[in-house]
Amino acid sequence: SLVVLFGATAGAYGAKLGSDERELILLVWQVVDLHSKKVGTLHKSLVKADNLDLSDQCREVSGLTPEGLGKAEPLDRVLQQFSQLVSSDLKVLGRSSYTLCSDGQLLIRQVLHPETSKKNFLLSDCFYSFYDLRKEFHTCYPSSAAVKDLTIKTMAEYLGLGTDEAEEDFGVWQVKTMVAIIFSMLSEGCNHVFTEPETVKYKYETGPCSKSETVDSETVIRARGLPWQSSDQDIARFFKGLNIAKGGVALCLNSQGRRNGEALVRFVSAEQRDLALERHKHHMGSRYIEVYKATGEEFLKIAGGTSNEVAQFLSKENQVIIRMRGLPFTATQEDVLGFLGPECPVTGGKEGLLFVKYPDGRPTGDAFVLFSCEEYAQNALKKHKEILGKRYIELFRSTAAEVQQVVLNRYMSTPLIPTLPTPIIPVIPPPYTIATGSIRDCVRLRGLPYTAGIDDILEFMGDATGDIKPHGVHMVLNQQGRPSGDAFIQMKSADKAFMVAQKCHKKMMKDRYVEVFQCSGEEMNFVLMGGTLNRSGLSPPPCKLPCLSPPAYAAFQTAAVIPAEAAALYQPQALLPTTRTPQASAAAPPTVTYYPAQAAQLYMNYTAYYPSPPVSPTTVGYIAAPPGAVAAAATATHTPLLPQPGALVRMQGLPYNTGMKEILSFFQGYQYAPDDYNGLIQLSDQARSVLQAPKEWVCL
């Protein structure tokens, strides 16, 4: 038997059904006995949505009103009634089993499954298998239109069924016409047999992915804007109703090993991928998730791996993976098993543990653990921040792709200490400085298109461009040197900044609206130094220096000058590349320069290694001084010279009362520079404002 099912939401109708996240408001169904060609009673149920605000299209097509829906039952009660009424009709027809049949896949995959998942109740098994009437019709009548172009009306017209849509209530006509189409397909001329239903996976299956595997680019999407704590199961739940390939969720990590809010998801077919793209800007909790096309190459780069150790660890299927961070470097497998305890047994005992190590075999403090069921994993997560030895241990949900990224790509295939570029630290002249006061004579632009340049910003500000200070436009880049979507602009007065913020807030630039906030020079300088400024207040800069603006524009200027002991190591004339300037006519009037002054540029090329992602890593930095600058310093100052490139290390996180004696004691057993410990240089407050540390020493 078939149960012909039709539904509608409070929003879009037809090909866009479910694309706007609107709730179900109507279900109509009827049982069809394929053998006796008899039908059961036709049922129509209104569904009370949480939001009764109906779209104009819904009102026009369905004729339903919020008042009428307000008296209906909620979805969970309607689905209970559905099961009871279907069972009753089957008994009358002498049948016991049935399969759903719907007009296309949207009602089942894009409406019912996502909505019930968000409302936290389970669908019965019958909703995990169904026939797509459009596909069955095209199989029966190959000369008809393509599946994506078929509708109930076009199928009826192809068969010459004389039905008048205006004579029946909305939903009733659709179900009656679908039943008539099915009977035509069962006639002697066609003898169509319903044999291969569409299926919806009950749950996401984890598993490894090999780099040698072929991944169709038409099956991969990129999800952006995910909460950082999202697991593969959370992402699978977001795409509930669509079939994700085994091991098809790969959480992306940034260069520091932290989750960056993106994931690559691989589906079983291009059709499923296209349905996933319709969930662009659907919500996961309070956040909307952007969904874009991606390639198979991108997926393999994140999820692929060939390590035998990782492959063996992930060979156990349908396991829940937990990541442990902050383990003592001396921790053994027995220590970890004892920490987890008998209430959360590890799959396979010691075989269910995978310690992450550096290429030289040293432990990183991270480990991955397998659990056979969700209950054991939940028990393990309850031990988050409990103590093992003298350290508290952090536990997070993880994925097979993250295991391969962290163990294989991050640690196994890269050197522990990479070859580091020479830092470029020019001595900053004072002509153009960023104000450090509290006067709110600056504005912050947030949400800029990543392709936006300074010319786009000037056009965006319109008449207010004349109120910008010379060299007052500052683009903010992220740690990878790419546009962050932020910019700061220095205005001539606080009143001008206020007017710009009022006039340009949420004004469109290209295809995005841009937020404009008034702020002070102090706040602007704070963000440009690597901190964050939002409605929650100020957050201190990270331990890693930001990758600041490339030569196209300066990141920031500061009134502070690098102290003589550090400046002597660098030659300013060798630091900045020559800049091509347009040839101006001699008769041309002078113009205001909005770009930051080239001479005031600070571009720091700095690399740090983060051994224990994804949160609060310990930072180890290495700075190599340029040989030419060292040679110049030999004739100009008595500053101790580096015995060789790479001999300079930087210490962070020192107590504020640390002195030379404590540092020498810390490095006991290592050979440092001679000359009466003059290799220790305490950084002044001015230098500290550039190097971004509360208190630091440089050791030679």
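Where is the place of Thr195? Thr195 sits in the loop between α7 and β7, where helices (H or I, at least four residues) and strands (E, at least two) are DSSP runs, numbered from the N terminus. Before we go further, a word on the ground rules. The model is predicted, so local features need pLDDT of at least 70 and side-chain atom pairs count only at pLDDT 80 or more, while totals for chains, interfaces and linings use all residues. Residues are numbered from 1 along each chain as its sequence is written, and side-chain values use heavy atoms, with hydrogens and water left out.

## The chain as a whole

The chain contains 21 helices and 31 strands. Of its 700 residues, 50% are buried; here buried means under 20% relative accessible area, exposed means over 50%, and partly exposed is in between (1.4 Å probe, protein chains only). The accessible surface of the chain is about 33700 Å², and carbon and sulfur atoms hold 52% of that surface. Such areas come from the Shrake-Rupley method with a 1.4 Å probe, and for residues only the protein chains shown count as cover.

Contacts tell us about the fold too. Among the contacts in the chain with a separation of 6 or more, 72% are between residues 24 or more positions apart, a contact being heavy atoms within 4.5 Å.

Leaving aside residues up to four places away in sequence, Asn191 touches Met185 and Leu186.

| Pair | Distance along the chain | C-alpha separation |
|---|---|---|
| Asn191 and Cys140 | 51 residues | 8.7 Å |
| Ile302 and Cys209 | 93 residues | 9.7 Å |
| Glu375 and Cys344 | 31 residues | 7.9 Å |

Two residues in the table belong to helices. Ile302 has its place in helix α10 (residues 296-303), and at 16% relative accessibility it counts as buried. Glu375 is found in helix α13 (residues 374-381), and with a relative accessible area of 55% Glu375 is exposed.

## Two positive phi values

If you like to check backbone angles, here are two to look at. Asn120 has a phi near 60°, a positive value in a residue other than glycine. Asn120 lies in the loop between α4 and β6 (129-132) and counts as exposed at 59% relative accessibility. Lys506 is not a glycine either, yet its phi is positive at about 65°. The loop between α16 (494-504) and β23 (507-509) holds Lys506, which counts as partly exposed at 48% relative accessibility.

## Pocket and cavity

Rolling a probe the size of a water molecule over the atoms shows where empty space is left. The search uses a 1 Å grid over the protein atoms alone: a cavity is a set of points where a 1.4 Å probe fits but cannot get out, a pocket is an open set with protein on both sides within 12 Å along at least five of seven lines, and lining residues have an atom within 4 Å of a point. Grid points are joined across faces, edges and corners, and a volume is the space filled by probe spheres set on the points.

The second largest pocket has a volume of about 1000 Å³. It is lined by 36 residues, and those closest to its centre are Gly14, Ala15, Leu106, Arg134 and Leu150. Elements that give two or more residues to this lining include β1 (2-9), α4 (106-118) and α7 (172-185). Which element gives the largest share of the lining? That is α9, with four residues. Domain 1 (2-199) and domain 2 (217-304) each supply at least three residues to the lining of this pocket; the domain bounds come from an automatic or database domain assignment.

By class, the pocket lining has 15 nonpolar, seven polar and 14 charged residues. Ala, Val, Leu, Ile, Met, Phe, Trp, Tyr, Cys and Pro count as nonpolar, Asp, Glu, Lys and Arg as charged, and the others, Gly among them, as polar.

The structure also holds four cavities of 30 Å³ or more. About 60 Å³ of space lies in the second largest cavity, whose lining residues include Thr206, Phe313, Lys316 and Ala400. That lining divides into six nonpolar, three polar and two charged residues.
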